[in-house]
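Please go through the structure shown here with the briefing below at hand. The points are grouped by topic.

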Amino acid sequence: MTMSPTMKPGPLLRRVALAVYREVRFNYWPYLFVLPALAILGAFLLYPALYAFRMSFYDWQALGESEFVGLENYQRFLEMPNVRLAVSNTLYYTALNVPSTLFVSLFVALLLNAEIRARAWFRVLFYLPVISSDVAVALLWKWIYWAGARGLLNNLIGVFGLPPQDWLGDPKLAMPAIVLLTIWKGMGSNVLIFLAGLQSIPPELYEAAMIDGAGVWARFRHVTWPLLRPVTLIVLLLLTIGSLQVFTPVFVMTGGGPANHTLTIAFYIYNLAFGSGLYGFASAVSYLLFAAILGITVIQRRYFSDVVY
Amino acid sequence: MCKQTIFRWLALWTILALMAACGPAATPTPATIIQTVEVPVTVAPEVTEPPPPVTIVFQEPWSLTSDRGKVVQQIISDFMTANPDIRVVIKDVAVNSAVFTTEVLAGSASDVVMFSEDGVSLFAPQDAFVDLTPYVATWDASKRNDFYESIWAFGGYEGKQYGIPWIAHSMALIYNKGMFEAAGLDPNKPPTTWDELYEYAMALTSGEQYGYGLVGKQGHDMAWSWYNFVRQNGGDLATETGGQWTVALNSPAALEALEFYLKMKDVAPPETTTTGGGEANTLFIQKRVAMYVMGPWAVASIRKDAPDIEVGVAPLPYSQQLATTVGAGLLTVPRTTQNPDAAWRLIDYLTEVENQVKLVSTGFAFRIPTRQSAVQDAWFQQNPEYIPFVEGLGYGHVPTVLAIAMKYNQVHNEVVQPALSKAFIGELTPADALAEMETNGNPLLR
């Protein structure tokens, strides 16, 4: 929207402008130093995001005339084939991935926090998957899940007399198989956060609990777990946001199949934009996903803010 | 000046210097010098220097350090020798919709761009290209008519020609002659019908070896694999009646094709549900399957990775008619070009038969020429495995849905692929899967 020459900024706008001016006028050095980073983020993150918001109101043609369609792209959301399935698959993935990754990460962090031999090496090993390429890891796990007797995992379960499974081709197994990969891949960063949390707990509290006769479980239940609540909230938020945006393993391993059983919202958006050329509609779905993530994050923060110690 | 202020200024200058170092080089290119510097005329009027060459950019997908990139460089070098008034800069960046759109919007699109077969149908409606029809009209009829019609059509939109096919592919049955002999089959008589395909595949299935590399992973590869069977049975993807397009896949021909496709699971490996085109190629190289369907690049890939396999290539087996998927690499001129004439001269040169053969036959032979006379080249006599692919351009046809490529892409991605996968894993009967394609696909075509 452009402002007409006769229009004067309102009192609020003037106050804000004045505050910004004073801040920059008298304290400009920090802003100069962060300017390069701000410019990069603005050009490659903020501007595209805002542009996508504008696109979501258009039947957007990349090179031709785009037609303004108002809220039509948002209204079409539930009418499109596969949308409900993509939403339910994403929620299913999130429901599987968030608690399992959280508890596995916490368990591993507790082990790595203990006084064990070669602790630093174990910490490095658990963190290695995090810095590995997403695509390379997905390809690796695709081979691990190879169907038939030649698959690595099938060979492993064959030792226990179990029959080979079609891990990525069976509708019931495909999503849990992807979750298993993402637990392994993402665990390292969560373990790191939990470790930081564990090391911030004062050892005196454990000593006091031991003097009171608390065992291992009681110490965890009454000291560790309550004091880890703030850290757990961070891990929970990050996991939820990441789970709702899962893309790479689906793209590489299953292509959304079999029969759309691993079609997630992020992969659906990708298909809409780069498969079908529906950039406007894909932008609208992206903003709906953004709104959903924002809503869930706010709810989580409110719930946990009451119970954080 | 206090120390703190000196430090601040030094820090600021350091940041600015770093930013300048990371930015584009300040040295102007020779072309920029020619355009911007005014040189006083001091020479005698009778001494005239030749005009500077026009510079055009040619965007092609192969790295200049690859074997194919080196061949492209050689061809371009020959072109510049023959046309000293044109200088060609090669940009080895693969073009896709996102890259091309960005470049056109930024005004930095190349002068000649190689697109895949759907490039013109996707971007010509958005007025992205220079109309090449007047240039084509300058050709002798012998050159224009030498292009396979099936491939030529990919470059057309609403009666105008926006893309000239440079390289092409069709699909063929690729088989392991050694496995044929071991199974008691004549390696010089590959299957020609669906029934024979199944019988042969059954004979070739034993233990850990399977007869056919069936594609069953949800996605584009599975869809085009099945489309071949649909067309071989006389079916089509969509039809137009009174200006309205409808999905034509809920037909008896398509149903038979789907039932046969699913029957081939009997002779395919257990990992078929996660097998795409690339995996099928790997299975063949691993000698786990004896036959599969792929394009000419597969022959080069097998020769490179499994030279001990004696490869046989045959037209796709059929039921009613020969049919195969075809595709092309199209040379286009984006509307942003300043030098359409020079761009056309490059396209004209690249599409000469000898240059097409040179490109596809050197090193990793991955595609076939788009001109019929190319098959007379000695290279094809020395490499007869590629001839069935060339023949495929003769009976292959451009999809009818090319006219509605944008809309059909959505049907293809969102409706056909999942419905096909549902039939493949038994979640829907073949008839129900086809009905779903029609029910969910038609609204998207309106």
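This is a predicted model: local features need pLDDT of at least 70, side-chain atom pairs count only at pLDDT 80 or more; totals for chains, interfaces and linings use all residues.

Chain B holds 20 helices and 14 strands. Chain A and chain B touch through 28 residues of chain A and 34 residues of chain B.

**Chain B overall**

- Of the 446 residues in chain B, 44% are buried.
- Where contacts in chain B link residues at least 6 apart in sequence, 75% of them join residues at least 24 apart.

**Strand S3 of chain B**

- Strand S3(B) spans residues 112–115, and its residues Val112(B), Val113(B), Met114(B) and Phe115(B) are buried.
- Val112(B) and Met114(B) point one way from the strand, whereas Val113(B) and Phe115(B) point the other way.
- Strand S1 of chain B, residues 54–60, runs parallel to S3(B) and is joined to it by two bridges.
- Strand S13 of chain B, residues 326–332, pairs with S3(B) in the antiparallel sense, over three bridges.
- Val113(B) takes part in both pairings: it is the bridge partner of Gln59(B), and it stands opposite Thr332(B) in S13(B).

**Helices H9 and H10 of chain A**

- Two packed helices are described by the angle between their axes and the distance between the axes.
- Helix H9(A) covers residues 203–211 and helix H10(A) covers residues 216–227; their axes come within 10 Å and cross at roughly 135°.
- At that angle H9(A) and H10(A) are therefore oblique to each other, since angles count as roughly antiparallel only when over 145 degrees.
- The crossing of the two helices, H9(A) and H10(A), is right-handed.
- H9(A) contributes Leu205(A), Tyr206(A) and Ala209(A) to the contact, and H10(A) contributes Ala218(A), Arg219(A), His222(A) and Val223(A).
- Sorted by class, the residues in the contact of H9(A) with H10(A) are five nonpolar, one polar and one charged.

**Contact between chain A and chain B**

- Which residue counts describe the contact on each side? Chain A gives 28 residues and chain B gives 34 residues.
- On the side of chain A that touches chain B, the elements giving two or more residues are helix H2(A), 29–55, and helix H13(A), 265–275.
- By class, that side of chain A has 14 nonpolar, 13 polar and one charged residues.

Notes: Residues are numbered from 1 along each chain as its sequence is written. Chains are lettered from A and ligands numbered from 1 in the order in which they are written. A residue is buried if 20 or more other C-beta atoms lie within 10 Å of its own, exposed if 12 or fewer, and partly exposed in between; C-beta atoms are placed from the backbone. Helices (H or I, at least four residues) and strands (E, at least two) are DSSP runs, numbered from the N terminus. Two strands pair if DSSP finds at least two bridges between them. Axes are lines fitted to C-alpha atoms, for helices over the stretch in contact, and angles run from 0 to 180 degrees between N-to-C directions. Angles under 35 degrees count as roughly parallel, over 145 as roughly antiparallel, 65 to 115 as roughly perpendicular and the rest as oblique. A crossing is left-handed if the near helix is turned anticlockwise from the far one by less than a right angle, and right-handed if clockwise. Two residues are in contact if their C-beta atoms, placed from the backbone, lie within 7 Å. Ala, Val, Leu, Ile, Met, Phe, Trp, Tyr, Cys and Pro count as nonpolar, Asp, Glu, Lys and Arg as charged, and the others, Gly among them, as polar.
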